[in-house]
Amino acid sequence: MAALSAWFWNERFWLPHNVTWADLADPAPGVEYPKARHLLSALPLALLISVVRILFESVFSDITAAPPVYECAFELALQLLSTPLCVLFATERYVASPCARSLHLQAEISWRAQPNAVLEKVYMSITKNPDPRHLDGLSKQLDWQVRKVQRWFRRRRNQDKPSTHAKFCESMWRLTFYLCIFTYGIQFLWRCPWMWDTRHCWYNYPYQVLTPGLYYYYVMELAFYWSLMFSQFTDIKRKDFLVMFIHHMATVSLISFSYANNMLRVGSLVMSVHDASDFLLEAAKLANYAQYQRLCDILFILFSVAFFLTRLVIFPLWILNTTLFESWAIIGPYPSWWLFNSLLLVLQVLHVIWSYLIARIALKAMLRGKVSKDVRSDIESSSGEEGEASRASVARAVPHIPHSPKAENGTNGHCASTKYMNHSGW
């Protein structure tokens with residue numbers, strides 16, 4: 001194990017020439033340099049963030065009525081003035097779920113599959129989307145029409161998919177964190193010399209003091225992305241699960257790598273550039289869930305402009321310029337320098353790909369007159385079920401109108417277009 005540790009932490013890989021770990025081990029009194037073990041503090045913080053979020057989505061989303069403003073205003077104000085975690089907690093309890101309820105967002109699937117042990121066993125152990133052969137066999141076994149079996153599986157699949165209420169609360173959580181961390185980052189970096197002259201990222205490197213503000217910024221970012229990795233297994237399931245898992249893993253690795261070799265200054269600039277557009281994306285999703293299409297379109301345009309500006313202009317001309325050229329002139333290249341810049345260049349390639357995808361969506365939005373919707377976790381429906389929903393709403397409004405028994409089998413097996421847009425993709 002000692003040999004493996006010595007190989008991994010080889011000084012000639014991590015540090016510039018003529019610098020050793022011993023040079024950084026005993027700084028002057030009152031001076032602290034980043035150490036890899038500091039990153040361990042992000043794990044319990046990530047767990048705490050996950051617990052707070054679970055409380056929000058599992059408990060506070062079930063509260064039947066929002067607390068009156070005059071009762072919670074003082075408590076909310078105290079929480080907002082404390083720590084970022086309390087801000088998130090207060091937002092979840094007093095903002096997200098009450099907002100979702102006030103907008104009458106769907107809390108659960110309207111049409112649930114009737115209990116059936118045979119179909120449930122097939123659904124859980126064999127297939128969730130049976131082919132015609134399975135449908136015919138189940139139809140004969142249960143003495144049901146094929147369309148009724150199809151409808152049962154459609155409704156059962158919809159039961160496993162998230163409600164608009166849940167997606168709204170999830171996006172509210174992300175919006176709150178992204179906005180808070182971006183605000184904190186800008187406030188912190190505004191007072192830092194490397195914000196205005198990126199050459200300060202490399203002066204006196206690697207003997208750069210770790211300040212409390214920079215430490216908190218890094219650990220909070222790292223803890224949040226750890227929590228995203230943990231919660232992805234219990235989050236709303238989407239088709240890009242593997243892609244997002246790899247993205248979160250790469251983010252955690254890049255943050256940890258830059259901390260371990262004391263590239264925190266340029267790392268803080270990278271994080272602030274990426275946080276600049278994320279909260280606009282989540283805000284646009286909230287508008288979409290609330291069916292404020294014009295507001296959604298405006299927010300999406302703002303997100304697109306911010307994304308293109310930060311990822312295609314600021315990142316290459318500001319960040320890559322200092323990591324590739326200014327650092328070469330001031331400290332010179334060494335093995336971990338090459339790896340760090342290689343990762344940033346890969347990130348820039350991803351920026352170009354994502355920008356192309358966003359531009360395609362923006363173009364379609366201009367042609368259609370609204371932002372297109374995500375199809376990664378759609379709620380399936382059919383013309384028959386839409387008819388049932390319409391008749392049910394009429395029946396609730398006008399109780400004396402009887403519900404047609406024909407609606408029970410009124411499905412044609414075709415899926416309508418998606419109704420709900422999900423997070424982290426457009």
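Helices (H or I, at least four residues) and strands (E, at least two) are DSSP runs, numbered from the N terminus. This is a predicted model, in which local features need pLDDT of at least 70 and side-chain atom pairs count only at pLDDT 80 or more, while totals for chains, interfaces and linings use all residues. Residues are numbered from 1 along each chain as its sequence is written, and side-chain values use heavy atoms, with hydrogens and water left out.

**View 1. Leu345 in helix H16.** Leu345 belongs to helix H16, which covers residues 335–368. Its relative accessible area is 40%, so Leu345 is partly exposed (buried means under 20% relative accessible area, exposed over 50%, and partly exposed in between, with a 1.4 Å probe and protein chains only). Apart from neighbours within four places in sequence, Leu345 is in contact with Leu320 and Leu324, where contact means heavy atoms within 4.5 Å. Leu345 and Leu324 are 21 residues apart along the chain, and 9.9 Å separates their C-alpha atoms.

**View 2. The whole chain.** The chain has 17 helices and zero strands. Of its 426 residues, 48% are buried. Contacts in the chain between residues at least 6 apart in sequence were sorted by separation, and 82% of them join residues at least 24 apart. The accessible surface of the chain is about 22000 Å², and carbon and sulfur atoms account for 66% of that surface. These areas come from the Shrake-Rupley method with a 1.4 Å probe; for residues, only the protein chains shown count as cover.

**View 3. Helices H14 and H15.** Two packed helices are described by the angle between their axes and the distance between the axes. Helix H14 spans residues 264–289 and helix H15 spans residues 293–330; their axes come within 8 Å and cross at roughly 170°. H14 is therefore roughly antiparallel to H15. Axes here are lines fitted to C-alpha atoms, for helices over the stretch in contact, and angles run from 0 to 180 degrees between N-to-C directions. Angles under 35 degrees count as roughly parallel, over 145 as roughly antiparallel, 65 to 115 as roughly perpendicular, and the rest as oblique. The residues of the contact of H14 with H15 comprise 22 nonpolar, seven polar and two charged. In this count Ala, Val, Leu, Ile, Met, Phe, Trp, Tyr, Cys and Pro are nonpolar, Asp, Glu, Lys and Arg are charged, and the others, Gly among them, are polar.

View 4. Ile298 has its place in helix H15. With a relative accessible area of 44%, Ile298 is partly exposed. Ile298 and Ala287 lie 11 residues apart in sequence, and their C-alpha atoms are 9.8 Å apart in space. Glu326 is also found in helix H15, and Glu326 is buried, at a relative accessible area of 19%. Not counting residues up to four places away in sequence, Glu326 touches Thr198, Arg199, Trp202 and Asn321. From Glu326 to His200 the sequence separation is 126 residues, and the C-alpha to C-alpha distance is 9.7 Å.

View 5. Most residues other than glycine have a negative phi, and most peptide bonds are trans. Asn18 is not a glycine, yet its phi is positive, at about 70°. Asn18 sits in the loop between helix H2 (11–14) and helix H3 (21–25), and its relative accessibility of 76% makes Asn18 exposed. Gln291, again a residue other than glycine, has a positive phi near 65°. The loop between H14 and H15 holds Gln291, which is exposed, with a relative accessible area of 67%. Tyr205 and Pro206 are joined by a cis peptide bond, with omega about 5°. Pro206 is part of the loop between helix H11 (193–196) and helix H12 (212–231).

**View 6. Two cysteines.** Cys180 is partly exposed, at 29% relative accessibility. Cys296 is buried, and its relative accessible area is 0%. A search of the whole structure finds zero disulfides, a disulfide being a pair of cysteine sulfur atoms within 2.5 Å.
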